[in-house]
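Dear colleague,

Please find below the structure that I am handing over to you. My notes on what was found in it follow directly after.

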Amino acid sequence: MGSGIAQALAVGGCKVTIRDMNDDLLAKSHSTIVEGRYGLNRGVERGKTTQADADAALARLSWTTAVADLSDVDMIIEAVPEDLELKKKVFGELDTVVKGGAIFASNTSGLAIADLNRAVSEQRRPRFIGMHFFSPASIMKLVEIIYAPETAEATIAAVEGVCARIGKGT
């Protein structure tokens with residue numbers, strides 16, 4: 001799911017850093033984005049995009065295993081498996097590394113945002129939101145936005161703006 005989300009963002013003009021646990025998983029992500037069933041090459045073959053646009057989207061992507069490489073991003077979109085404790089562990093780690101003003105979004109399809117945001121500091125909770133992409137994320141036009149009582153209106157508006165930029169409805 002993370003690869004599709006990253007592809008949708010990059011095609012929409014966003015600079016994206018994909019972080020995973022090891023180089024094999026990053027290589028799989030790269031392959032999925034470039035050569036997968038809904039990948040960039042397939043889009044060119046089917047006339048859905050040009051080679052120049054696919055190349056530009058690919059140039060907006062970078063891959064890393066180092067969580068420190070995410071320290072200065074404006075937005076995190078988490079896409080780990082649907083396990084509350086795993087997601088909380090990931091967000092807790094990111095909370096100590098990523099700059100304070102960044103938005104944290106979870107691609108959860110069923111966990112409560114009010115439970116997930118407990119993994120981060122109280123200061124970050126207004127910038128914590130759910131951003132559930134429908135699968136396949138690179139094709140489907142819908143993103144469900146879920147928020148907790150602590151989520152700020154500015155965060156909701158910012159996420160809606162990102163969705164509009166990449167051609168997704170909310």
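This is a predicted model: local features need pLDDT of at least 70, side-chain atom pairs count only at pLDDT 80 or more; totals for chains, interfaces and linings use all residues.

Helix α1 passes helix α2 in a right-handed crossing, a crossing being right-handed if the near helix is turned clockwise from the far one by less than a right angle, and left-handed if anticlockwise. The contact is made by Ser3, Ala6 and Gln7 on the α1 side and by Ser29, Thr32 and Ile33 on the α2 side, where contact means heavy atoms within 4.5 Å.

Residues are numbered from 1 along each chain as its sequence is written, and side-chain values use heavy atoms, with hydrogens and water left out.

Helix α1 covers residues 2-11 and α2 residues 23-35; they pack at an angle of about 55 degrees, with their axes 9 Å apart. That makes α1 oblique to α2, since angles under 35 degrees count as roughly parallel, over 145 as roughly antiparallel, 65 to 115 as roughly perpendicular and the rest as oblique. Axes are lines fitted to C-alpha atoms, for helices over the stretch in contact, and angles run from 0 to 180 degrees between N-to-C directions. Helices (H or I, at least four residues) and strands (E, at least two) are DSSP runs, numbered from the N terminus.

Beyond its neighbours within four places in sequence, Ile18 is in contact with Ala6, Leu26, Ser29, Ile33, Leu61, Ser62, Trp63 and Thr64.

Arg124, in the loop between α6 and β5, is buried at a relative accessible area of 3%; buried means under 20%, exposed over 50% and partly exposed in between (1.4 Å probe, protein chains only). Not counting residues up to four places away in sequence, Arg124 touches Asp95, Val98, Lys99, Gly100, Ala102 and Phe104.

Gly110, in the loop between β4 and α6 (113-116), is exposed, with a relative accessible area of 64%. The C-alpha atoms of Gly110 and Leu84 are separated by 9.8 Å, the two being 26 residues apart along the chain.

Val80 is found in the loop between β3 (75-78) and α5 (84-95) and is partly exposed, at 26% relative accessible area. Apart from residues up to four places away in sequence, Val80 touches Leu86, Lys87 and Val90. Its C-alpha atom is 8.5 Å from that of Met1, 79 residues apart along the chain.

Ala56 belongs to helix α4 and is partly exposed, at 29% relative accessibility.

Finally, a cis peptide bond joins Ser135 and Pro136, with omega about -5 degrees. Pro136 lies in the loop between β5 and β6 (143-146).

Yours sincerely
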